[in-house]
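This report describes the overall build of one protein and then the pairing of some of its strands.

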Amino acid sequence: MKSVLMILCGLTFSLPAFALDSNQSAALVNPGEQSDWEQVQQALIAVLSKKSGLTDAKISAEYAIDERFNAAIIRSYHEQIPGQIAPNKQWFNVVVDQEKIQQLMLSQKIPVWPDRRGTVYVWVVEEKPDQPLMHANFDSESVYWLQQWFDVMGLPTQFYDAEAEDLLTFKPDDVRYLNPDLIDYIHQENEVSMTLMVFVKHNSNGYSYRFGLTQPEKPSTIKNLKFIDLAGGMKSLAANVQAIMADQQRLSADEFNINTVAVTVNDINDANNVLSLLTYLDQHALIEAYQVNELKSQQLNIMMRIKVLPQTFIKFVENDGLLIHQPLDVGRSLLFKWAQ
């Protein structure tokens, strides 16, 4: 259990990352055409996609997802889809045991994507025949499918709500054409890692989308696609975002190794820094336990048990941006400084 030797009250801190539960996911199935095992297998692959950041197609092609994985299932259930969006289909959900599923993943060398992930701010606009471009509300089928696939794939999101939010002079065209002022405004006003602008066009013979995904200090990713099935099109969009978010965040099987390290963090200037750091450590997916030993002269000393190799831990900490590694450490003593 993670523990500290101090109590700080009256302070708050929020990181632009979310510790999600990756032990549950769902597959879009047709019970009338698929056997019980086919539905179970498809849902297990959805869990593995959520946990690894790999597409379900890649998992199916490269790994053997067989009856051995049944031992990891705690429970399963069907879930109806609202209205007549997909009358022949249902969501088939599975909940798995975390330790069992991770052992199965490591035995097959399926990479692991840690559960602490950035949030994506999503803004969708739609254009339908004989209608002007408009914001897509939460009753939109496009938004429904996109929300569902983001959840299935393990992507924390914050959707723009046109009825609850007023972003001054910004219009649907600003979303369609990826207005940089709008993107900057969203990042300034929200604790998010990425901004996703989506333009969905309804045609007489199908659909198309154009999206722009923007991360601070990185070039935007822009993609287009034409498709017939709305559920399938939104799945491809979510898979693109999943691939970008999981890139360089996955852990290979040989990186998992329990280690005890002494961590020193310099340039801790006040109690807010301490609380920020403790909040971060409490949420960190690669830390099994830690204990704060001393805070003295702007230096915090911590004993920590981590789940991975020290170099892997350093890489993930630096990617989060709260701490900067100082390459002066020796052996199992790691040295960082406060970055903010």
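A residue is called buried at under 20% relative accessible area, exposed at over 50% and partly exposed in between (1.4 Å probe, protein chains only). Buried residues account for 48% of the 340 residues in the protein. The model is predicted: local features need pLDDT of at least 70 and side-chain atom pairs pLDDT 80 or more, whereas totals for chains, interfaces and linings use all residues. Residues are numbered from 1 along each chain as its sequence is written, and side-chain values use heavy atoms, without hydrogens and water.

The secondary structure comprises 9 helices and 16 strands (DSSP runs numbered from the N terminus; helices are H or I of at least four residues, strands E of at least two). The protein has a radius of gyration of 22 Å, close to the 20 Å that the globule rule gives for 340 residues, so it is as compact as a globular protein of that length. That radius is taken over C-alpha atoms, and the rule is 2.2 Å times the number of residues to the power 0.38. The C-alpha trace spans about 70 × 55 × 35 Å along its principal axes.

| Partner of strand 16 | Sense | Bridges |
|---|---|---|
| Strand 12 (residues 256–266) | parallel | 5 bridges |
| Strand 15 (residues 323–325) | antiparallel | 3 bridges |

Strand 16 covers residues 333–338. Within strand 16, K337 stands opposite N266, and W338 stands opposite L323.

Methods:
Pairing = 2+ DSSP bridges.
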